[in-house]
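Below is a report on selected parts of one model. It is written for a reader who has not seen this model before.

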Amino acid sequence: MVTATATKQPGYLVFSLDTELAWGYYDLDAMRARLFSADGSRERRAITWLLDLCDGHGIRATWALVGHLLFDRCEDCQPCPVAAWQRSHRGFSEVYAPARPAPALWYAPDVRDRLLGAGDHHEIAFHGFTHRPFPHMDGDAARREIDAWLALGARFGIRPRSIVFPRNRAAHLDAFAAAGFRCFRSPDRSPRWHLRRFGPALKCTDDVLALSRLEVFTLDALRPEHGLLRIPASAHLFDFPRTLEQALDVRGLSQLRFRRIGQAIEHAAAHGGVVHLWAHPWELRTEADRDKLQQLFGIAAHHMQRGQLRSITMDELTTLALQRHNPA
Ligand SMILES: [Zn+2]
Ligand SMILES: [Zn+2]
């Protein structure tokens, strides 16, 4: 369980980004076609905008990458749904046309180079090699995904230590620990989770009216599990019905939706504790979406400048938590 804190540790902000282009919807053709631009340009603009926003506000983000995006094009990669599709000619859709030599939503050497060029204040983490959920795999398949990511990453000098599981579904923790990983993000399982039982309406009401406070957890609450530190998420920034979100945006009520998240950052700054926010870069689709995040980071930057809050990566948070459990 995630617990609030009133102790006097500093406040920390963790921001993790599930960076996957179309891989998050590799098995959902209709949604993929509906959600993404055909040439991947809108999603890339969001990544560039996010990097600039983070750098402008001193935010250190954890970019959890689908490993296959590191490729310029498929080599002899296994496991690889793209190669399987090419062989079978099944699974192609308008966003993955065989006529395109380098489908922009499945390969992202440009994004790879942009992240590598962004400096080591950001972290590059693991988000699967193909985004297949790990509970669906046996041990051998899980190790193949891990090994494929690590081998390709090594080519570019990338060694991920943190895991964001595809679809937030953790499994095979022992295999990850054996491969040198240190922590993983666990989904929002806060006390507020029970609101979902009463349907989405109550949760939406809570989001907008900020009836309950978002979870702010202590470093002491973080515990290793099968050799990996489980890091809770406080909030998925866009876990909200899109039509309702846009209705608020149109009425100039955009900031209402993020108010309770801003309050959690304020709480961490005032009382200590960790706020962990996450999103997919592609979810920053409109000016209003970008305004909301900018406002949030403005609040964080205000407290960071006063020394009340620090922005840290999942890996840095792991180091801090382990130091508390095992002081030198
Ligand atoms: Zn491939
Ligand atoms: Zn994902």
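This is a predicted model: local features need pLDDT of at least 70, side-chain atom pairs count only at pLDDT 80 or more; totals for chains, interfaces and linings use all residues.

Residues are numbered from 1 along each chain as its sequence is written, chains are lettered from A and ligands numbered from 1 in the order in which they are written, and side-chain values use heavy atoms, with hydrogens and water left out.

## The zinc site

Glu 20 (OE), His 127 (NE2) and His 131 (NE2) coordinate the zinc ion (ligand 2) at 2.0 to 2.1 Å. Donors here are N, O and S atoms within 2.8 Å of the metal (3.2 Å for Na, K and Ca), and water is not among the atoms, so sites may look incomplete. Along the chain, the donors of the zinc ion (ligand 2) have the spacing E-x106-H-x3-H.

Buried means under 20% relative accessible area, exposed over 50%, and partly exposed in between (1.4 Å probe, protein chains only).

| Residue | Relative accessible area |
|---|---|
| His 127 | 1% |
| His 131 | 3% |
| Phe 165 | 0% |
| Asp 249 | 14% |
| Thr 313 | 4% |

## Phe 165 and the strands around it

Helices (H or I, at least four residues) and strands (E, at least two) are DSSP runs, numbered from the N terminus. Phe 165 sits in the loop that links strand 4 (162–163) to helix 6 (173–178). Contact means heavy atoms within 4.5 Å. Apart from neighbours within four places in sequence, the contacts of Phe 165 include the zinc ligand His 127, as well as Phe 134, Phe 176 and Phe 184. The C-alpha atoms of Phe 165 and Arg 185 are separated by 7.3 Å, with the two residues 20 residues apart along the chain.

Two strands pair if DSSP finds at least two bridges between them. Strand 4 pairs with strand 5 in the parallel sense over 2 bridges, and Ser 162 stands opposite Cys 183. With helix 6, these two strands make a right-handed β-α-β unit. A crossover is right-handed if, with the strands pointing away from the viewer, the path from the first strand over the helix to the second runs clockwise.

In a regular strand the side chains alternate between the two faces of the sheet. In strand 5 (residues 183–186), Cys 183 and Arg 185 point one way, Phe 184 and Ser 186 point the other way, and all are buried.

Strand 5 also runs parallel to strand 7 (residues 228–232), joined by 4 bridges. Phe 184 has Arg 230 as its bridge partner in strand 7, while Arg 185 stands opposite Ile 231. Strand 7 is largely enclosed by the rest of the structure, because 4 of its 5 residues are buried.

Strand 7 pairs with strand 6 (residues 224–225) as well, in the antiparallel sense over 2 bridges. Glu 225 stands opposite Leu 228. Strand 6 and strand 7 form a hairpin with 2 residues between them, and His 226 in the turn has a positive phi of about 50°.

## Two further buried residues

Asp 249 belongs to helix 8 (residues 242–250). Beyond four places in sequence, Asp 249 touches Ser 254, Ala 288, Asp 289 and Lys 292.

Thr 313 is in the loop between strand 10 (309–311) and helix 11 (314–325). Not counting residues up to four places away in sequence, the residues that Thr 313 touches include Val 14, Arg 60, His 121 and Glu 123.
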